[in-house]
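Let's take a walk through this structure together. Have a look at it first, and then we will go from one residue to the wider chain.

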Amino acid sequence: MAKFLKLIKNSKGATAIEYGLIAALIAVAAIGAMTSIGSALNKTFTNVANAL
């Protein structure tokens with residue numbers, strides 16, 4: 001029983017999981033932003049290439 005109570009009070013594992021979830025959320029947001037920016041940049045460079 002004492003080991004179970006010690007495990008519940010230990011917050012290091014929960015903190016590591018929270019940081020992992022935050023990092024995953026930031027990665028998903030960054031990928032989404034870069035995808036939309038990449039499409040816009042591709043369109044811009046295509047227009048410039050066609051104008052030249």
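Ser 36 sits in helix H2; helices are DSSP runs of H or I with at least four residues, strands are E runs of at least two, and both are numbered from the N terminus. This is a predicted model, where local features need pLDDT of at least 70, side-chain atom pairs count only at pLDDT 80 or more, and totals for chains, interfaces and linings use all residues. Residues are numbered from 1 along each chain as its sequence is written, and side-chain values use heavy atoms, leaving out hydrogens and water.

Ser 36 counts as partly exposed because its relative accessibility is 44%; buried means under 20% relative accessible area, exposed over 50%, and partly exposed in between (1.4 Å probe, protein chains only). The Ser 36 side chain comes to 2.9 Å from the backbone oxygen of Ala 33.

Helix H2 covers residues 12-51 and also holds Ile 22. With 47% relative accessibility, Ile 22 is partly exposed too.

Stepping back, the chain has two helices and zero strands. Of its 52 residues, 0% are buried.

Note on methods. Polar contact = N/O pair within 3.5 Å; in protein donor to acceptor, adjacent residues only side chain to side chain.
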